[in-house]
Amino acid sequence: MTTMTAQTTQVYQLFIRATPEQVWDAITKSEFTTRYFFASKVEMSNGRRRAYGPDGELWGDSAILEEDPPRRLVHEWQGLYDPELAEEETSRVTWEIEPREGGYCKLTLVHDQLEGAPKTAESVAGGWMLVLSGLKTLLETGEPLVG
Amino acid sequence: MDDDQVFKALADPTRRHLLDRLFERDGRTLTELESELEMTRFGVMKHLRILEVAGLVVTRRQGREKLHYLNPVPIRLIHDRWIDKYTERRVSALLDLKKELEETG
């Protein structure tokens, strides 16, 4: 997505061989996120979703808008890991987990309300892809995605 | 989920064209997509359905409209599974060749 203006609503969807509870834990608990989410430690408490980098630096601190385990999580997004992104307007991330036949889940991630955050939109376009394929690999093989 | 469906979906110029249109601008209605193709509404619907089954297009409802989004994840997974594997070997073969030539040269 380098030559085009990045989309203001981005949709990512994939199937993961795991239960909804496993997917939920993997996106909300730091012992999992450190293994696929750019090594970030995600903590959800008191209506906030916070993400910390490997050295404890604050990478994200945003409001949780909806929390319905293990099906749906909606939170705001602001990239504090980069000063240019931190200046932009807040956007929104929605995770939807749907159980499917054969022990699979359909995971849909929608990152929208990016109208006031063009740099964030461009930055996350490749990022989500790495995060989601890493999440799939971790849940299906127990190993982080290498490379 | 199924590589066969992704390859099959990509093996058609109209469907690749639809993906390119969505890559340029996402979240389009059937009517919008149809207006850019010389094809019946039914034909476009049929192609979109194949793309949707393969997971390359995801639809979301917004009010009364059904919007179509490009989902890049299956292409990424195919890339990880097929492209990386072969290009990695080619790159390492070139590196081996370079090393060998430099050592003997």
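# Notebook: two chains and where they meet

I began with polar contacts, and I count 5 residue pairs in polar contact between chain A and chain B, both residues at pLDDT 80 or more. A reminder to myself: this is a predicted model.

Next I asked which elements of chain A touch chain B. Strand E1 (10-16), strand E7 (104-112) and helix H4 (118-141) of chain A each give two or more residues to that side. Sorted by class, the side of chain A that touches chain B has 11 nonpolar, 5 polar and 2 charged residues.

Then I looked up the extent of the interface. I find 18 residues of chain A in contact with 17 residues of chain B. The size of an interface is often given as the accessible area lost when the parts come together, and here the two chains bury about 1700 Å² between them. Of that area, 69% is on carbon and sulfur atoms. Which residues of chain A lose the most area to chain B? They are Gln7(A), Val11(A) and Gln13(A), together 32% of what the chain A side buries.

I also checked for salt bridges, and the rule finds 1 across the interface of chain A and chain B. Glu96(A) forms a salt bridge with Arg60(B), and their closest N and O atoms are 3.1 Å apart.

Now to chain B by itself. I followed helix H2 (residues 13-24) and helix H4 (residues 41-53) of chain B, whose axes come within 10 Å and cross at roughly 75 degrees. Angles from 65 to 115 degrees count as roughly perpendicular, so H2(B) is roughly perpendicular to H4(B). On the H2(B) side, I see the contact made by Thr14(B), Arg15(B), Leu18(B) and Leu19(B). H4(B) brings Val44(B), His47(B), Leu48(B), Ile50(B) and Leu51(B) to the contact. By class, this contact of H2(B) with H4(B) has 6 nonpolar, 2 polar and 1 charged residues.

Most residues other than glycine have a negative phi, and most peptide bonds are trans. Is the peptide bond from Pro69(A) to Pro70(A) cis or trans? I find that this bond is cis, with omega near -5 degrees. Pro70(A) is in the loop between strand E4 (58-68) and strand E5 (72-77) of chain A.

My other entry here is Ala39(A), which has a positive phi of about 60 degrees although it is not a glycine. I located Ala39(A) in the loop between helix H2 (30-33) and strand E2 (41-45) of chain A.

Conventions:
Residues are numbered from 1 along each chain as its sequence is written. Chains are lettered from A and ligands numbered from 1 in the order in which they are written. This is a predicted model: local features need pLDDT of at least 70, side-chain atom pairs count only at pLDDT 80 or more; totals for chains, interfaces and linings use all residues. Side-chain values use heavy atoms; hydrogens and water are left out. Axes are lines fitted to C-alpha atoms, for helices over the stretch in contact, and angles run from 0 to 180 degrees between N-to-C directions. Helices (H or I, at least four residues) and strands (E, at least two) are DSSP runs, numbered from the N terminus. Angles under 35 degrees count as roughly parallel, over 145 as roughly antiparallel, 65 to 115 as roughly perpendicular and the rest as oblique. Contact means heavy atoms within 4.5 Å. Ala, Val, Leu, Ile, Met, Phe, Trp, Tyr, Cys and Pro count as nonpolar, Asp, Glu, Lys and Arg as charged, and the others, Gly among them, as polar. Buried area is the accessible area (1.4 Å probe) that two parts lose on being put together, summed over both. A salt bridge is a side-chain nitrogen of Lys or Arg within 4 Å of a carboxyl oxygen of Asp or Glu. A polar contact is a pair of N or O atoms within 3.5 Å; within protein, one must be able to donate a hydrogen and the other to accept it, and residues adjacent in sequence count only if both atoms are side-chain atoms.
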